[in-house]
Amino acid sequence: MANETMLRIAVQKTGRLSEDSVQLLKECGIDLRNVKDRLKTVSENFPLEVFFLRDDDIPEYVEDGVADIGIVGQNVLAEKDRKVVSIQELGFGKCRLSLAIPRSMVYDGIQSLEGKRIATSYPKIVSGFLSKHNIKASIHEISGSVEIAPGIGLADVVADLVSSGGTLFMNGLKEAEVILSSQAVMISREDLDQERKQLLEKLLFRIRAVKKAKKSKYILLNAPNDKVEDIISLLPGMRSPTVLPLAEPGWSSVHSVLSEDEFWDKIEQLKEAGAEGILVVPIEKMIM
Ligand code: PRT
Ligand code: ZN
């Protein structure tokens with residue numbers, strides 16, 4: 001692959017997004033070896049070069065064109081405010097940037113933040129939020145362990161990332177306002193050349209197929225022929241369900257695709273409609 005054009009992607013080196021980012025590329029059929037303790041690696045079977053960086057630096061590297069695309073949390077993207085394009089939500093790294101207050105503090109809505117000292121690693125997002133709500137408060141930027149700030153008297157309240165809420169709870173804090181909901185996204189530089197744009201389209205096509213498959217299940221069931229029509233009316237399928245005769249006369253096998261959201265409801269309805277021997281299997285890729 002000597003002079004081949006490569007698409008260069010920046011992903012987090014170590015942290016909450018690293019594993020899912022590499023896993024996503026692998027699920028897209030992209031071979032990546034030696035991802036441990038490396039600064040970069042090149043795929044053997046797709047013209048992709050992967051850079052491993054701190055997540056905070058990824059928007060800047062993409063803006064400057066050191067990397068063409070990157071995977072980063074929407075929280076980091078909003079805070080860094082770089083000239084890059086957000087092209088695809090990836091469905092992992094979900095969290096929210098929230099204002100959290102000591103459990104003993106009286107809170108009557110956003111107005112209660114007036115005049116308070118807020119500790120956060122996200123000064124830009126937080127000050128945008130405050131001015132949108134016409135609140136005057138002082139922001140203390142700290143880079144880690146934000147949740148301990150009220151306990152040591154450094155701030156009255158905090159604005160920090162939350163996923164389970166366990167960290168807030170352990171520090172005697174409670175969530176008061178969600179400022180931003182976040183997940184990992186694919187970003188791209190604004191001025192991608194034609195050749196790399198095509199590579200990106202190819203990669204996005206695969207990512208969307210993998211994402212879609214994750215939300216869907218393949219379902220196979222048996223039913224007496226006189227029930228098949230009712231059963232089909234319950235099933236969407238890619239175009240429409242497949243119906244095949246079973247070896248046993250008077251019986252059919254019905255195959256279809258169900259989305260995860262409606263899965264348990266549909267299974268109940270299918271059983272009531274006379275379905276038997278229901279099998280549900282994962283789908284690896286889904287191309288519409
Ligand atoms: O070294 P580098 O700079 O690359 O990593 P980092 O330490 O800055 O980031 P890292 O790996 O902690 O997080 C990377 C990204 O993961 C974040 O930018 C978010 O987009 C996303 N993410 C998802 C989270 C969380 N969930 C999360 N829970 N990032 C941080 N947290 C922290 C939060 O700051 C708090 O300390 O987890 C704690 C809260 O978790 P709960 O479950 O107790 O609520
Ligand atoms: Zn970071």
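Which residue has a polar side-chain atom that lies 2.8 Å from an oxygen atom of ligand 1? In this predicted model, local features need pLDDT of at least 70 and side-chain atom pairs count only at pLDDT 80 or more, while totals for chains, interfaces and linings use all residues. Side-chain values use heavy atoms, without hydrogens and water, residues are numbered from 1 along each chain as its sequence is written, and chains are lettered from A and ligands numbered from 1 in the order in which they are written.

The residue in question is D55. Polar side-chain atoms of two further residues lie by oxygen atoms of ligand 1: that of S164 at 2.6 Å and that of T167 at 2.5 Å. On its own, ligand 1 has 840 Å² of accessible area, of which the protein covers 78% (Shrake-Rupley method, 1.4 Å probe).

Around ligand 1 there are 22 residues, the closest being R54, D56, N75, S164 and T167 (a residue is near if one of its heavy atoms lies within 4 Å). This shell comprises five nonpolar, eleven polar and six charged residues, where Asp, Glu, Lys and Arg count as charged, Ala, Val, Leu, Ile, Met, Phe, Trp, Tyr, Cys and Pro as nonpolar, and the others, Gly among them, as polar.

Turning to the fold, the protein has eight helices and 15 strands (DSSP runs of H or I with at least four residues, and of E with at least two, numbered from the N terminus). Strand 9 gives the most to the shell around ligand 1, namely three residues. The C-alpha atoms fill a box of roughly 80 × 60 × 30 Å along the principal axes.

Definitions and conventions: A polar contact is a pair of N or O atoms within 3.5 Å; within protein, one must be able to donate a hydrogen and the other to accept it, and residues adjacent in sequence count only if both atoms are side-chain atoms.
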